[in-house]
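This report describes how two chains are arranged and how they meet. Please keep the sequence and the model at hand while reading.

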2 protein chains.
Amino acid sequence: MIKYPIKKELNKKRVNYGNRGIDFENAINESNKFYLTQDIAIIYKKPTPIRVVDVSYPSRNKAMITKAFYVTPSTTDYNGIYKGYYIDFETKETNSKTSMPLKIVHQHQIKHLERVSRHGAISFLLVYFKKLDAIYLLETKYLLKFNKRQATGRKSISLEEFKTFGYQVKTGYNPQIDYLGTVDQIIKKN
Amino acid sequence: MIKYPIKKELNKKRVNYGNRGIDFENAINESNKFYLTQDIAIIYKKPTPIRVVDVSYPSRNKAMITKAFYVTPSTTDYNGIYKGYYIDFETKETNSKTSMPLKIVHQHQIKHLERVSRHGAISFLLVYFKKLDAIYLLETKYLLKFNKRQATGRKSISLEEFKTFGYQVKTGYNPQIDYLGTVDQIIKKN
């Protein structure tokens, strides 16, 4: 199923988590801006793929798209370079306090993460547990394990499993979400 | 200035170069598909960034964008991973038989190539001389040199300079444009 960003934008509910909630996507993008301006890493969100059908030219040099459709992305949302490593990750949010349902991660995204990981990337899933205001990073090798388990077992990854196999990512002011601090731990471990 | 892909698509002239011309962008994309299916590399073209203004829902689950605009991309067109290296490049075409005008490479793209290169990427410009039906790969370090020269000297990179400082890329059936064969030479050299 295709995720329509604009729909999300338009329908976004202003839920108040008692000062705890963050705009996850925006916080990731701001963190990437910080990493970029500090010359720490060059990581960008990929634009949403759109199939353009009709374009008009209301004024010179100004193309206006008048008919277009969202296309299912082939890859993950973010990639780039950090300390010479190719970095690739997908971000997900969940309202659950106890687990992340695996159905919110598309199989083509898991396939992509598996591929880049096998070719030497540092790749992972970054999950925001909104109600807990906690972010966990889970490396692709564990995501693959839990994805495989679905065939015979539970169809989600429990919070306990994120704690055991993943890392909680530090949040703060600048960067708001210091996921590269976590990547440093991964680099050190390998 | 923003490059409008749809305009290019719609206005594309069917010029006949006596059986010599290729659809450069398509040939790159097909080469990337080949690299992907052969499990050689995972390299994708980034979608063109589009700012969506209005969306309608003519049928359930089918969002139709009715007003949107092209946005200047912050980065290059292609990136991915090959042999553990972060790969990043921009493609350009020229009708000239003798040089590539530097004005067709945007300064923000040059800045991006400089950044990723400094962080350990293999990054380059891939230039198709249409009338010669020849493709040259020029590493970022030389692109930066010639970009700098603009201030006091010529505002283009001559074909001779591509031959001296760059590599001619082999073309064929599968992959149509074997630019990773050239990247192998770069890896071996370093």
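## Terms and basis

Two strands are taken to pair if DSSP finds at least two bridges between them, and the elements themselves are DSSP runs numbered from the N terminus, with helices (H or I) of at least four residues and strands (E) of at least two. By that rule, strand 7 (residues 122–129) and strand 8 (residues 134–139) of chain B pair in the antiparallel sense over six bridges, and within this pair B:Phe124 stands opposite B:Glu139 of strand 8.

This is a predicted model, in which local features need pLDDT of at least 70 and side-chain atom pairs count only at pLDDT 80 or more, whereas totals for chains, interfaces and linings use all residues. Residues are numbered from 1 along each chain as its sequence is written, chains are lettered from A and ligands numbered from 1 in the order in which they are written, and side-chain values use heavy atoms, with hydrogens and water left out.

## The sheet within chain B

Six strands of chain B form an open sheet of mixed pairing, in the order 1-4-5-7-8-10. Its edges are strand 1 (41–45) and strand 10 (167–168) of chain B, each of which pairs on one side only.

Helix 6 (residues 179–189) of chain B lies across strands 1, 4, 5, 7, 8 and 10 of that chain and runs at about 35° to strand 8; contact here means heavy atoms within 4.5 Å, and axes are lines fitted to C-alpha atoms, for helices over the stretch in contact, with angles from 0 to 180 degrees between N-to-C directions.

B:Lys92 is found in strand 5 (residues 85–94) of chain B, and at 8% relative accessibility B:Lys92 counts as buried (under 20% relative accessible area, with exposed over 50% and partly exposed in between, using a 1.4 Å probe and protein chains only). Beyond its neighbours within four places in sequence, B:Lys92 is in contact with residues including B:Phe24, B:Met100, B:Ile104 and B:Tyr128.

B:Thr94 lies in strand 5 of chain B as well and is buried, with a relative accessible area of 6%. The side chain of B:Thr94 reaches the backbone nitrogen of B:Ser96 at 3.1 Å, while its contacts beyond four places in sequence include B:Ser99, B:Pro101 and B:Phe129.

## The interface

The contact takes 41 residues from chain A and 41 residues from chain B. The area buried between the chains is about 3,800 Å², of which carbon and sulfur atoms give 65%; buried area is the accessible area (1.4 Å probe) that two parts lose on being put together, summed over both.

Two salt bridges are counted between the chains, each being a side-chain nitrogen of Lys or Arg within 4 Å of a carboxyl oxygen of Asp or Glu. One of them joins the side chains of B:Asp39 and A:Arg118 (2.6 Å, N to O). The largest share of the side of chain A that touches chain B, nine residues, comes from strand 3 of chain A.

Definitions and conventions
A polar contact is a pair of N or O atoms within 3.5 Å; within protein, one must be able to donate a hydrogen and the other to accept it, and residues adjacent in sequence count only if both atoms are side-chain atoms.
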